[in-house]
Amino acid sequence: MKRYEVLADDLAASIAAGQLRPGDRLPSVREASKDRSVSPSTVFEAYYLLEARGLIEARPRSGYFVSQAAISHPEPHASDPLAEERSVEVSELVFQVLDVARNRAVVPLGSAFPSPTLFPLDKLALALGKATRGLDPWRTVEDLSPGSAELRRQIGLRYLSAGCKVDADEVVVTNGAMEALNLCLEAVTKPGDLVAIESPTFYGALQALERRGLKAVEVATHARTGVDVPALAAIIDRHPVKACWLMPNFQNPLGSLMPDAAKAALVALLAERDIPLIEDDVYGELYFGPRPRPAKAWDKSGWVLHCSSFSKSLAPGFRVGWVAAGRFARNVSRRKLMSSLATPVPMQEGLSEYLRRGGYDRHLRQLRQALVTNRQVVLRTIAKSFPSGTRVTQPEGGYFVWVELPAEINTLELHRVALSHDISIAPGHLFSADHRFTHHLRLNFGHPDHAQVVESLKTLGKIAKALAQEGFTEQR
């Protein structure tokens, strides 16, 4: 571990043990630097990491303090799936949740998308207009799969800034990340194959497996540190796994972040067994602390197919994604040609223009700060309003928290009652092939209307407490 990580873990342990309590002031950077015999920059990095975890908060001109929500709820238990092969059937509930997200009258705590008001849509429109005026008609032919050379170059530069060297020639531009992920799945599997996924997992992965007639085996996953690599190794020893679909950075729905050492071990394990890793990294730019590297950064032999998009971080309506497909780039590019031929050229040109002008990083800084603020509002309200025994994640990026309620609360029923109050949630049943997470839910903190969100969470807390009481009475 790096020095700042050691210091952060020491302070986190003090908070968990109650030695540092909510509202307590942390030592100043100068004091901590002197006491711990480390540089001020190490202390700053440690404090940034703790802030990203939601354990501490900065107050202007006052320093750092233990967050009021820091230890009000412990984190959810690590998952313990049966690690058996199973067919995948997607519940109709997925489509119901997606349909509800379209209704502006419903508070979208169950939505998979952040608020569209967080994105620079006016500036993107200007970039799109400038890029498409006088566009050479031949570009519509030249920019067939693998996509615009300039956009792929810009994407390659983003990889470099993340500490990951990717040749633009292995980048294939797609219609959003879901097309990238599906093309990768098609490139490395055939119907009937077995794919390792996280437990819980993104329901879009379950839908993709079902559509291709693939089987799933679920891997134990920790709410904070992600995939249990030794558990995955044990599964590979027992089952004929043909591919893995995993989210090392800010996993949906957990928000977990795999440590660098675990990512390196994951990539090494799969390369040794010649198993492709489909890396879903759509939230990688939405970090609150130090920037995390993708698992692709440790890929030396081309077995990692790294998928991402601009939909979650910049341009949700543009539907432009990509995959850095390693040794599978030619295969994926051809499948793109056979399926959808190309990604719309104007959208690629507009994004290229915006990235060239340098506005992306400025926008990301503002977006991350908004999400950090939103997260703290949601965590504080959960701490005050939800039933005793609630467990909740404190993610270091993305815009989801995973909530584990007392076992007697069925979140399908919570979902049903919440909808009658015009509040959507994503019940835990959506995130597993066997619908095991019956008293869990995913909440979206990517919406900046704090008053509306707080009132909705208070209502959810009241409903959950009533359901808990009903469940307790029935058990008696």
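Predicted model: local features only at pLDDT ≥ 70, side-chain atom pairs only at ≥ 80, totals over all residues.

Colleague: At what angle do H1 and H3 pack?
Modeller: The angle is about 50 degrees. Helix H1 covers residues 3–17, and helix H3 covers residues 40–52. Their axes are 8 Å apart.

Colleague: So what do we call that arrangement of H1 and H3?
Modeller: H1 and H3 are oblique to each other. Their crossing is right-handed.

Colleague: Which residues make the contact?
Modeller: On H1, they are Arg3, Tyr4, Glu5, Leu7, Ala8, Leu11 and Ala12. On H3, they are Thr42, Val43, Glu45, Ala46, Tyr47, Leu49 and Leu50. By class, the H1 and H3 contact has 10 nonpolar residues, one polar and three charged.

Colleague: Now H7 and H13. How far apart are their axes?
Modeller: The axes are 9 Å apart, and the angle is about 45 degrees. H7 runs over residues 149–161, and H13 over residues 345–356. H7 and H13 are therefore oblique to each other.

Colleague: Is the crossing of H7 and H13 left-handed or right-handed?
Modeller: H7 passes H13 in a left-handed crossing.

Colleague: And who touches whom there?
Modeller: H7 brings Glu150, Leu151 and Gln154. H13 brings Gln348, Leu351, Ser352, Leu355 and Arg356. The contact of H7 with H13 holds three nonpolar, three polar and two charged residues.

Colleague: What about Cys164?
Modeller: Its closest cysteine sulfur is also in Cys307. The distance is 13 Å, too far for a bond.

Colleague: Is Cys164 buried or exposed?
Modeller: Cys164 is buried, with a relative accessible area of 2%. Cys184 is buried too, at 0%.

Colleague: Let's do the backbone. What should I expect in general?
Modeller: Most peptide bonds are trans, and most residues other than glycine have a negative phi.

Colleague: Where are there cis peptide bonds here?
Modeller: One joins Ser199 and Pro200, with omega about 0 degrees. Pro200 sits in the loop between strand E5 and helix H9. Another joins Asn252 and Pro253, with omega about 20 degrees. Pro253 is in the loop between strand E8 and helix H11.

Colleague: And which residues other than glycine have a positive phi?
Modeller: Arg319 is one, with phi near 55 degrees. Arg319 lies in the loop between strands E10 and E11. At 35% relative accessibility, Arg319 is partly exposed. Leu341 is another, with phi near 70 degrees. Leu341 is in the loop between helix H12 and H13. At 46%, Leu341 is partly exposed.

Colleague: Last one. Where is Gln376, and what is it in contact with?
Modeller: Gln376 is in helix H14, residues 360–385. Gln376 counts as buried, at 7% relative accessibility. Leaving aside neighbours within four places in sequence, Gln376 is in contact with Gly54, Glu57 and Ser67.

Definitions and conventions
Residues numbered from 1 in each chain as written. Heavy atoms only, no water. Axes fitted to C-alpha atoms, helices over the stretch in contact; angles between N-to-C directions. Helix = DSSP H or I, 4+ residues; strand = E, 2+ residues; numbered from the N terminus. Parallel < 35°, antiparallel > 145°, perpendicular 65-115°, else oblique. Left-handed = near helix turned anticlockwise from the far one by under 90°. Contact = heavy atoms within 4.5 Å. Nonpolar A, V, L, I, M, F, W, Y, C, P; charged D, E, K, R; others polar. Disulfide = S-S within 2.5 Å. Buried < 20%, exposed > 50% of the residue type's maximum accessible area, 1.4 Å probe, protein only.
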